Amino acid sequence: MRRPLIAGNWKMNGTRDSVSALIDGLLVGAVDVARAEMVVCPPAVFIAEAAARLDGGPIALGAQDLSEHAAGAYTGEVAGPMLADYGCRFVIIGHSERRAFHGEDNALVARKMTAAQAVGLTPIACVGETLEERESGATEAVIGRQIDALLDGPGVGALADAVVAYEPVWAIGTGLTATPDQAQAVHAFIRNRISARDATVAAGLRILYGGSVKGANAPELFTMDDIDGGLIGGAALDANEFLTICRAT
Ligand code: PEP
């Protein structure tokens with residue numbers, strides 16, 4: 001049985017005050033969200049504050065990215081050991097915004113998975129196709145390559161301690177959501193691809209859907225067989241909306 005996971009990606013938003021208020025709001029409501037595992041991923045600069053507020057509570061802490069390197073002359077980067085030091089348990093890797101705006105490719109995402117797991121962080125590895133790729137019928141080819149990079153690099157065993165997030169690029173922050181059937185089809189494709197290497201790992205892997213998930217559309221998405229929760233962007237900045245999504249699992 002895969003425990004649903006709801007992760008909030010706060011992206012580059014917030015102030016010290018708003019982050020504190022958001023966490024306090026989430027903590028008040030989190031008590032009755034027994035079924036879902038909850039994670040929030042604040043901007044790196046707020047991780048210390050978030051760690052102090054979340055400490056020992058029901059919501060886990062995650063980061064939005066990490067360096068492939070553990071330390072050294074990499075100006076502006078944040079290393080996995082630093083995140084682990086602050087009690088992060090999860091880290092998003094390969095988000096489409098990192099791929100599009102920072103030139104991250106499949107090989108780098110695979111190396112980041114290894115860097116995360118080296119310090120005990122659970123990577124949330126994002127995959128997804130652009131609208132152009134979907135409309136040209138290339139969705140499975142694109143996602144197949146993204147998944148194969150993880151299977152060929154870190155290896156299928158690494159996916160036993162990881163989470164995959166299917167995030168169609170055309171649905172992120174656009175208000176467009178994949179229909180439950182569209183999302184389920186890609187989730188099943190991902191699970192089958194991994195199952196061809198190791199059926200046990202594939203059966204236990206949590207695959208999240210991300211792309212304009214809200215309280216209103218979450219219940220339908222989460223009833224699909226291969227959708228094990230969500231990676232939430234915009235709606236994660238509102239405590240009530242995020243909690244409503246968590247309760248939909
Ligand atoms: C995301 O950034 O991972 C995301 C899914 O964003 P949104 O929910 O705003 O589409």
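Which residues is V169 in contact with, leaving aside its neighbours within four places in sequence? I looked this up first. V169 is in contact with S96, G128, E129 and T130, where contact means heavy atoms within 4.5 Å.

**Entry: ground rules**

I am working on a predicted model, in which local features need pLDDT of at least 70, side-chain atom pairs count only at pLDDT 80 or more, and totals for chains, interfaces and linings use all residues. Residues are numbered from 1 along each chain as its sequence is written, and side-chain values use heavy atoms, with hydrogens and water left out.

I placed V169 in the loop between β6 and α8. Helices here are DSSP runs of H or I with at least four residues, strands are E runs of at least two, and both are numbered from the N terminus. V169 counts as partly exposed because its relative accessibility is 30%. The cut-offs are under 20% relative accessible area for buried, over 50% for exposed, and partly exposed in between, with a 1.4 Å probe and protein chains only. I also took a C-alpha distance: V169 and N9 are separated by 15 Å, at 160 residues apart along the chain.

G173 lies in the loop between β6 (163-166) and α8 (180-195). G173 counts as exposed because its relative accessibility is 75%.

**Entry: second largest pocket**

I turned to the pockets next. Rolling a probe the size of a water molecule over the atoms shows where empty space is left. A pocket is taken on a 1 Å grid over the protein atoms alone, as an open set of points where a 1.4 Å probe fits, with protein on both sides within 12 Å along at least five of seven lines; lining residues have an atom within 4 Å of a point. Grid points are joined across faces, edges and corners, and a volume is the space filled by probe spheres set on the points.

The second largest pocket has a volume of about 220 Å³. I found 19 lining residues, of which S96, R99, G128, Q146 and V169 lie nearest the centre. Helix α4 gives the most to this lining, with 5 residues. At least two residues each come from α4, β5 (122-127) and α7 (139-152). By class, I read 7 nonpolar, 7 polar and 5 charged residues. Ala, Val, Leu, Ile, Met, Phe, Trp, Tyr, Cys and Pro count as nonpolar, Asp, Glu, Lys and Arg as charged, and the others, Gly among them, as polar.

**Entry: largest pocket**

How much space lies in the largest pocket? I noted about 560 Å³. Its lining has 21 residues, and M12, Q64, D65, R98 and H102 lie nearest its centre. Helix α4 (residues 96-101) supplies the largest share, 3 residues.

**Entry: helix α5**

Helix α5 (residues 106-118) has 13 residues. From first C-alpha to last it reaches 19 Å, close to the expected 18 Å, which is 1.5 Å times one less than the number of residues. I listed its buried residues: L108, V109, A110, K112, M113, A115 and A116. They pack against β4 (90-93), α4, β5 and α7.

I checked A110 on its own. A110 counts as buried because its relative accessibility is 8%. Not counting residues up to four places away in sequence, A110 touches A149, L150 and P154. A110 and Q146 are 9.0 Å apart, C-alpha to C-alpha, and 36 residues apart in sequence.

**Entry: N9**

N9 is found in strand β1 (residues 5-9). Is N9 buried or exposed? N9 is buried, with a relative accessible area of 5%. Its side chain reaches the backbone nitrogen of K11 at 3.0 Å. I also found a polar contact of 3.4 Å between the side chains of N9 and H95. A polar contact is a pair of N or O atoms within 3.5 Å; within protein, one must be able to donate a hydrogen and the other to accept it, and residues adjacent in sequence count only if both atoms are side-chain atoms. Beyond four places in sequence, N9 touches C41, Q64, I92, H95, L231, I232, G233 and A236.

**Entry: positive phi**

Most residues other than glycine have a negative phi. K11 has a positive phi of about 50° and is not a glycine. I located K11 in the loop between β1 and α1 (16-29). S212, also not a glycine, has a positive phi of about 55°. S212 is buried, at 12% relative accessible area. Just after α5, G120 takes a positive phi of about 80°.
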